[in-house]
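These are my notes from going through one structure, entry by entry. I looked up helix packing, salt bridges and a few contacts.

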Amino acid sequence: KAPNPRAEEREAEMEEAEVQAALAMSVADIRAALRECGSDGSGLIEKREMARELARLRVQRTRNYQAPKTQGGAAESGAERRSQLALLAEMGFTDEAENAELLRRFDGDVDQVVKHVLKR
């Protein structure tokens, strides 16, 4: 699959926003979030290193959670949508009604929802 420069740029923007959000957290909270993402954070000493690793893992998870589309462009199942809402909440976007509306508007594209919310 050929690289998509625009997608890579969006991912880099999202990762940087995640780094900034993580830097606002305490070190203990970052470590807990790393564990939730499946990383023990071993070898990470500096807060910025931990924040960058957490951001990388969250962006990777977002990429993996992109909803499969049906012919109409909607998310395939309610289970998938619940998974997307849980992911957004885990990332700190807790307004479930707004998240559901944005997921509908962006056809289940979690990356676009995050970018939309961060631009405000």
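**Entry 1: helix 5 and helix 6**

I looked up how helix 5 (residues 96-105) sits against helix 6, and their axes come within 9 Å and cross at roughly 120°. The model is predicted, so I note the limits: local features need pLDDT of at least 70, side-chain atom pairs count only at pLDDT 80 or more, and totals for chains, interfaces and linings use all residues. Residues are numbered from 1 along each chain as its sequence is written, and side-chain values use heavy atoms, with hydrogens and water left out.

For the record, helices are DSSP runs of H or I with at least four residues, numbered from the N terminus. Axes are lines fitted to C-alpha atoms, for helices over the stretch in contact, and angles run from 0 to 180 degrees between N-to-C directions. Helix 5 and helix 6 are therefore oblique to each other; angles under 35 degrees count as roughly parallel, over 145 as roughly antiparallel, 65 to 115 as roughly perpendicular, and the rest as oblique. I logged the crossing of helix 5 and helix 6 as right-handed. The term means that the near helix is turned clockwise from the far one by less than a right angle, and left-handed is the anticlockwise case.

Which residues make the contact between helix 5 and helix 6? Helix 5 supplies Leu102, Leu103 and Arg105, and helix 6 supplies Val110, Val113, His116 and Val117. Contact here means heavy atoms within 4.5 Å.

**Entry 2: helix 6 by itself**

I listed the buried residues of helix 6 as Val110, Asp111, Val113, Val114, Lys115 and Val117. Buried means under 20% relative accessible area, exposed over 50%, and partly exposed in between, with a 1.4 Å probe and protein chains only.

At the N-terminal end of helix 6 I found a cap by Asp109, with a side-chain oxygen 3.1 Å from the backbone nitrogen of Asp111.

**Entry 3: helix 4 and helix 5**

I then took helix 4 (residues 78-90) with helix 5; the axes come within 10 Å and cross at roughly 125°. Helix 4 and helix 5 are therefore oblique to each other, and their crossing is right-handed. On the helix 4 side the residues are Arg81, Gln84, Leu85 and Leu88, and they meet Glu96, Asn99, Ala100, Leu103 and Arg104 in helix 5.

**Entry 4: salt bridges**

How many salt bridges are there? The count comes to eight, where a salt bridge is a side-chain nitrogen of Lys or Arg within 4 Å of a carboxyl oxygen of Asp or Glu.

I looked at Asp111 with Arg10, where the closest N and O atoms are 3.1 Å apart. Asp111 is buried, at a relative accessible area of 9%.

Next came Arg52 and Glu15, whose side chains form a salt bridge at 4.0 Å, N to O. Arg52 is in helix 3 (residues 47-64) and Glu15 in helix 1, 37 residues apart.

Glu18 lies in helix 1 and Arg58 in helix 3, so the pair joins parts 40 residues apart in sequence. Glu18 is buried at 5% relative accessibility, and Arg58 is buried at 9%. Shared partners join Glu15, Glu16 and Arg52 into one network of salt bridges.

**Entry 5: Glu90 and Glu36**

I found Glu90 in helix 4, partly exposed at 32% relative accessible area. Leaving aside neighbours within four places in sequence, Glu90 is in contact with Glu36, Cys37, Arg58 and Arg61.

Glu36 belongs to helix 2 (residues 27-36) and counts as exposed at 53%. With residues up to four places away left out, Glu36 touches Arg61 and Glu90. The C-alpha atoms of Glu36 and Glu90 are 9.4 Å apart.

Technical notes. Helices (H or I, at least four residues) and strands (E, at least two) are DSSP runs, numbered from the N terminus. A polar contact is a pair of N or O atoms within 3.5 Å; within protein, one must be able to donate a hydrogen and the other to accept it, and residues adjacent in sequence count only if both atoms are side-chain atoms.
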